[in-house]
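Dear colleague,

Please find below the structure that I am handing over to you. The findings follow directly after it.

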Amino acid sequence: MSVHTDRDVLETCAKTLEYLCREGSATYTRCDVARSNIIDNAVNKYKDSIEDWHVDECQSKENPGRNLPNEALTYCIEACYFAISWGLYYIENQCETSQIAEAVAELRKNLDKYMFACYELTRDGPTEQIQEAAYQSICDLLITFSDQLSRSENTHVRNLEYKSTLDEQLVLNNFVQHYVFSLKQEGDVPEDPVTAPKRLLFLEVLNEFNHKLLKQDKKVILNFLDRRISPGMPSSKPDDYQPLNLYRNSLLHGETDQAPVSSKRAYARKRRDHDDEKMKRTTRKTQRSGLP
């Protein structure tokens, strides 16, 4: 970590260390100590960097337009997402019974503040990278803090269920319409089969909300969808267009009040395949660089 900053390399190292730190492993004790040292080192570097940035900011008051770099903001979005996710894991698995109420109250406050910030960034973020990071965090947290928590045995944990508002759902819909369906104008799509837009996976979380829409609203969205998507597009690879097909079917067949079957399993499979491919590429890079 002190030598390499490439994200793929660091993610591969983290996964390797996580594997070696499994309880019962012959190397568990040594690797667990190494992991603790790495985490402490990373936290200290983060604190130092934040302190240095604040010092520079105070010394540059004459430049009111100076903001946190966009790349740094993207990492902040991801770091906060993992902190909130870990907070839920801690409450459900490690928190003392006497401390759960206080921990839940703090996590709920942080969740609400974070989701509000992410919706703002999804709608008005300065770059596509930041908007995408915020959108992905919202999608994952809507699943993590969904109505499954309302069935928890712990009454305090039930209070962590996050129910999105209509305005928040519109933010997600507008994001998808712009970045998934507005990438090509009508007439720009060739007749030959084309590659599926990489952001089609963003449609999966919207399936969670379609059953709440009125019938006339579903018809409006469906008409918009059919105008934007060329009939020839889904002919390339059916699996690549699965999120689109599921989304469209949920608009066609969502006549009841029952929630549609979630497509989280397909999403997880695609993410795992993507991660496996990234690991292979990183392994090849590491071998070429002569690293052990």
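What percentage of the 292 residues in the chain do buried residues make up? The figure is 32%, where buried means under 20% relative accessible area, exposed means over 50% and partly exposed lies in between, with a 1.4 Å probe and protein chains only. Please note that this is a predicted model, in which local features need pLDDT of at least 70 and side-chain atom pairs count only at pLDDT 80 or more, while totals for chains, interfaces and linings use all residues. Residues are numbered from 1 along each chain as its sequence is written, and side-chain values use heavy atoms, with hydrogens and water left out.

Overall composition

The chain has 11 helices and 0 strands. Helices (H or I, at least four residues) and strands (E, at least two) are DSSP runs, numbered from the N terminus. Among contacts in the chain with a separation of 6 or more, 68% are accounted for by residues 24 or more positions apart; contact here means heavy atoms within 4.5 Å.

Asp6 lies in the segment before α1 (7-20) and counts as partly exposed, at 33% relative accessibility. The side chain of Asp6 reaches the backbone nitrogen of Val9 at 3.1 Å.

Helix α4

Val104 is placed in helix α4 and, at 4% relative accessibility, counts as buried. Leaving aside residues up to four places away in sequence, Val104 touches Ile91, His156, Val157 and Leu160. Val104 and Arg158 are 54 residues apart along the chain, and their C-alpha atoms are separated by 9.5 Å.

Arg108 is also found in helix α4 (residues 100-124). The side chain of Arg108 makes a polar contact with the side chain of Asp112 (2.9 Å). A polar contact is a pair of N or O atoms within 3.5 Å; within protein, one must be able to donate a hydrogen and the other to accept it, and residues adjacent in sequence count only if both atoms are side-chain atoms. The side chain of Arg108 also reaches the backbone oxygen of Asn159, at 3.0 Å. Not counting residues up to four places away in sequence, Arg108 touches Asn159, Leu160, Glu161 and Tyr162.

Helices α9 and α10

The axes of helix α9 (residues 215-228) and helix α10 (residues 242-252) come within 9 Å and cross at roughly 145°. Such axes are lines fitted to C-alpha atoms, for helices over the stretch in contact, and angles run from 0 to 180 degrees between N-to-C directions. In this contact, Lys218, Ile221, Leu222, Leu225 and Asp226 of α9 meet Leu244, Tyr247, Arg248, Leu251 and Leu252 of α10. By class, the contact of α9 with α10 has 7 nonpolar, no polar and 3 charged residues. Ala, Val, Leu, Ile, Met, Phe, Trp, Tyr, Cys and Pro count as nonpolar, Asp, Glu, Lys and Arg as charged, and the others, Gly among them, as polar.

Cysteines

How many disulfides are there? The count comes to 0, a disulfide being a pair of cysteine sulfur atoms within 2.5 Å. Cys80 is in no disulfide, and the nearest cysteine sulfur, that of Cys76, is 6.4 Å away. Cys80 is partly exposed, with a relative accessible area of 38%.

With kind regards
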